[in-house]
Structure formats: C-alpha cells, structure tokens
Amino acid sequence: MIEDITTLIEPSPQEGFVETRFIKDITNRALNYLKAGFPVHFRGRAGTGKTTLAMHLASKIGRPVVLIHGDEEFTTADLVGGEYGYRIRKVVDNFIHSVLKTEEDMMKRWVDNRLTVAAKYGFTLIYDEFTRSRPEANNILLSILEENILDLPAARGGDHYLQVDPDFRAIFTSNPEEYAGTHETQDALRDRMITIDLGDYDEETEVAITASKSNIRKSDAKKVVALVRDLRSSDVCEVAPTIRTSIMISKAAHLQKIRPDASNTVFSQICMDILCSQTMRYGPNRSDGRIKNVVKGLVDKHCPPLMSQRKVKTKKQKVMVDA
C-alpha cells in the first residue's frame, strides 16, 4: 500500500488564498508549462510566497502531492529509497506431530522514498528549497526530467529502471544562489526546468494578502503595506522587507486589538521591532541607527493618529452643515 511507504498530501484550495489578477497570471503560466510536461521552478528571496504558490499550483493539478524539503545532508538514497531495517520470515512445520521443523530467513528491507513513489504513481512532486541539497544528491533528477526514466539501485531488486508515470509533475522552489546554505544548481538540471522568478507583488496583491492573513481591515492593511513598500524602496535596508513583514506587523497589531496609529506606542514599537529585525543582518551598530529613524518617519507618514483623522472628518462635516 502507498500509505505504508510515504505520506501523501491531498491538495485542496487553501482557505483564505488570495488570487488577484497578478497571482492568476503567474498560476496560469506555470500551469500551462506543467501541462506541456515541463517542470516549473519558482525562484525568489525569502518571504515571496514560493511554497504557498507551489501548493496552490498543485491543487490545480488535482493529483496527490509528495513534498520534499531540501537538506544539506540529503543523499540520493533519501530521494530514491534504501534499505531500512530487516524483514524476518519464520516457517514452522509440525505436519508430523512428533517432529517440529522451523526455518527462518532474514533479509534487508528496501523502502522506496518519496521521489520514487511520486514517479511510480504519477503524483505531483514539490521539492521545496531544492538547492539546499547538495548537487550530487539531485543528479538522479536528470534522467527523470528528460528521459522519464528513474535509474534504481541494484539493491532494490527487480527492474533497475522505472518508467515515470505520465501524470508525474514536478514543482521546484529555491532562494537565489547567493543565499547562505544554498548550492549552485547544475546547468544540466536548470536546463530541464522552466524558472519563474518571483519578485515583490504589486500593491493590490500585497494589500489583499495582508488583510486576508491577518484579518485586519483592508484600509488598515493599505497603511501597513504602504509603510513596508516605502521602506523597501529606501536605501537603508540591508535586507529588503517582503510581504511577510506586512503580515507580521498586522497580525501582531490585530492580536492586541490595536490599529495602525503612530500615536499608539505599542503599534510604533511593533513596527520598530519587526521592521528593524527583518531588514538588518548585523544589528543597529552596523547601520548607525539610521534605519530606526527612517522607520519612525514612515510610521508617522503612513499611520497618522486616528484621533486627528476623526477630528478632521468632523470639521469637514461641520463645514458642510454650515454651508
């Protein structure tokens, strides 16, 4: 049984998944490449939603999903399979009641790992952060993605080659190669997949995702996103903030039942903590505290005190009444 071999994920539309025109365009492009038989590779910096998008894409395909997370310690056996434990067989012969015969056999037990299962049964493979595995571990993918054949170790027994099921599809994600802990992708492997580079989303998409993930008002999400996008475009960040930063700020504020308001010391501190930690690699000493001043200014700019906003609105109403 497949269930005895590996754990499968039944893909389904994710609750609260935001599908703006921007997201639909990426999804449709990737889906068309997969239908044509090409693996798709989402590449982008941390926080750009690569894994979420890969899972969403898999739900569109509708086949069970096998998920693999890249790891420095991976070997080919971790992908294909190996000998894990032993199988013991014992036969007791008591046909003649006065004679007892026993026979025991012990042999190593082969277990197919997730790549073999996905290729054999035509499942969708999501290989998350595949460049965190060493290139030699990923060499087994070359024949799968080009010739649709999986070369199996002799220890497995049976056929030494597995014909990949026609329904097999592969989705890869990775960070840029300059990220710590990543390896360069082999040219031969890169040549077999279609890479879609994911940058920052448009403002409409970022607002919709932030509001959906944090359950805050859309008007409040606009303020937070504008604040983060403005900081992203500045020249003080060692690491540019992503949509994940907007979600963090919004969730933290919503949990404490406060709204984006520069006069609220708690909200201002949330912004300072999250934005500084997300944009500085080495701490404030390396940036001379510049970023803190920039963050404070942007909070004041995009999240003016709510009380003053109410007063302005009230004054406008009074002017209209007098008129």
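Predicted model: local features only at pLDDT ≥ 70, side-chain atom pairs only at ≥ 80, totals over all residues.
Residues are numbered from 1 along each chain as its sequence is written, and side-chain values use heavy atoms, with hydrogens and water left out.

Second largest pocket. I noted about 200 Å³ of space there, a volume being the space filled by probe spheres set on grid points that are joined across faces, edges and corners. A pocket here is an open set of points on a 1 Å grid over the protein atoms alone, where a 1.4 Å probe fits, with protein on both sides within 12 Å along at least five of seven lines, and lining residues have an atom within 4 Å of a point. I listed 14 lining residues, of which G37, I144, N148, F168 and R169 lie nearest the centre. I also saw that α6 and β8 (169–174) each supply at least two residues of this lining.

Largest pocket. I recorded a volume of about 390 Å³ and a lining of 19 residues, with T48, G49, K50, T52 and Y201 nearest the centre. I found that α2, α8 (203–214) and α10 (243–255) each supply at least two lining residues, and that the largest share, four residues, comes from α2.

G47. I placed G47 in the loop between β1 (40–43) and α2 (50–61). I read a relative accessible area of 6% for G47, which is therefore buried (under 20%; exposed is over 50% and partly exposed lies in between, with a 1.4 Å probe and protein chains only). Leaving aside neighbours within four places in sequence, I found G47 in contact (heavy atoms within 4.5 Å) with T242, I243 and R244. The C-alpha atoms of G47 and I243 are separated by 6.5 Å, although the two are 196 residues apart along the chain.

Cysteines. I searched the whole structure for disulfides and found zero, a disulfide being a pair of cysteine sulfur atoms within 2.5 Å. C237 is in no disulfide, and the nearest cysteine sulfur, that of C276, is 9.3 Å away. I noted lastly that C276 counts as buried, at 6% relative accessibility.
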